[in-house]
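Me: I would like to go through this model slowly, asking at each step what lies behind the words used for it. Could you take me through it?

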Amino acid sequence: MRVLIIVLAIIQFLFAGFTGAVGGFADGGELWERIVLMGIHPLAAIGLLVMAFVPRIKPAGLHIIRALLAVNIIADATLAALIYGGVTKGDWWLPLLFSVIPVIGLGYSFGRKVRG
């Protein structure tokens, strides 16, 4: 399972980095949408990379990573709901696509061993 998480973490990091860079140059979008694309996604992706590559993490570090992943998931779900409700433009399912790997990573984090 760890190898799968490493692969997914790398994919998420590259995806978040690319969309964050493109989001900085794109026209339109609200400030909070840019914060999600250029801030929350990359931070959560970095946390996922740390969790994937560090065999044993201190409990505080794991809690921070879980919080980053949870914030990522909540932000994407909120954005999907706002798009679906017509508050902002876009495809409602696209933010949910950004959440797939963080959801898997969050689930994986609860089975991780911690260094106490």
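**Starting from Ser99**

Reply: Ser99 touches Asn72, Ile73 and Asp76, when residues up to four places away in sequence are not counted. Please keep in mind that this is a predicted model.

Me: Why is Ser99 called buried?

Reply: Ser99, which is found in helix H4, has a relative accessibility of 6%. Buried means under 20% relative accessible area, and therefore Ser99 at 6% counts as buried.

Me: What makes Asn72 a buried residue, and where does Asn72 sit?

Reply: Asn72 has its place in helix H3, residues 59-84. Its relative accessible area is 0%, and because the word buried applies under 20%, Asn72 is buried. Leaving aside neighbours within four places in sequence, Asn72 is in contact with Ile40, His41, Ala44, Phe98, Ser99 and Pro102.

Me: How do you know that the side chains of Asn72 and Asp76 are joined by a polar contact?

Reply: The distance given for the side chains of Asn72 and Asp76 is 2.8 Å, and a polar contact is a pair of N or O atoms within 3.5 Å, where one must be able to donate a hydrogen and the other to accept it. The pair at 2.8 Å is therefore listed as a polar contact.

Me: Is Asp76 buried or exposed?

Reply: Asp76, also found in helix H3, has 1% relative accessibility, and so Asp76 counts as buried, the cut-off being under 20%. Its contacts, apart from neighbours within four places in sequence, are Val36, His41, Pro95, Leu96, Phe98 and Ser99.

Me: Why is Ile5 called buried, and which residues is Ile5 in contact with?

Reply: Ile5 belongs to helix H1 and has a relative accessible area of 1%; since buried means under 20%, Ile5 is buried. Beyond neighbours within four places in sequence, Ile5 is in contact with Ala52, Ile104 and Tyr108. Ile5 and Tyr108 are 103 residues apart along the chain, while their C-alpha atoms are separated by 8.0 Å.

Me: What makes the span of H1 close to the one expected?

Reply: Helix H1, residues 2-25, has 24 residues and reaches 35 Å from its first C-alpha to its last. The buried residues of H1, including Ile5, Leu8, Gln12 and Thr19, pack against H2 and H4.

Me: How is the packing of H1 and H4 described?

Reply: Two packed helices are described by the angle between their axes and the distance between the axes. For H1 and H4 the angle is about 145 degrees, with the axes 10 Å apart. The contact is made by residues including Ile5, Leu8 and Phe15 of H1 and Phe98, Ile104 and Tyr108 of H4, and by class the contact of H1 with H4 has nine nonpolar, two polar and one charged residues.

Me: Which values describe H2 and H4, and how many charged residues are in their contact?

Reply: Helix H2, residues 31-53, and helix H4, residues 93-109, pack at an angle of about 35 degrees, with their axes 11 Å apart. Among the residues that make the contact are Leu37 and His41 of H2 and Phe98 and Gly105 of H4. The contact of H2 with H4 has six nonpolar, three polar and no charged residues.

Methods
Residues numbered from 1 in each chain as written. Predicted model: local features only at pLDDT ≥ 70, side-chain atom pairs only at ≥ 80, totals over all residues. Heavy atoms only, no water. Axes fitted to C-alpha atoms, helices over the stretch in contact; angles between N-to-C directions. Helix = DSSP H or I, 4+ residues; strand = E, 2+ residues; numbered from the N terminus. Contact = heavy atoms within 4.5 Å. Nonpolar A, V, L, I, M, F, W, Y, C, P; charged D, E, K, R; others polar. Buried < 20%, exposed > 50% of the residue type's maximum accessible area, 1.4 Å probe, protein only. Expected span 1.5 Å × (residues − 1).
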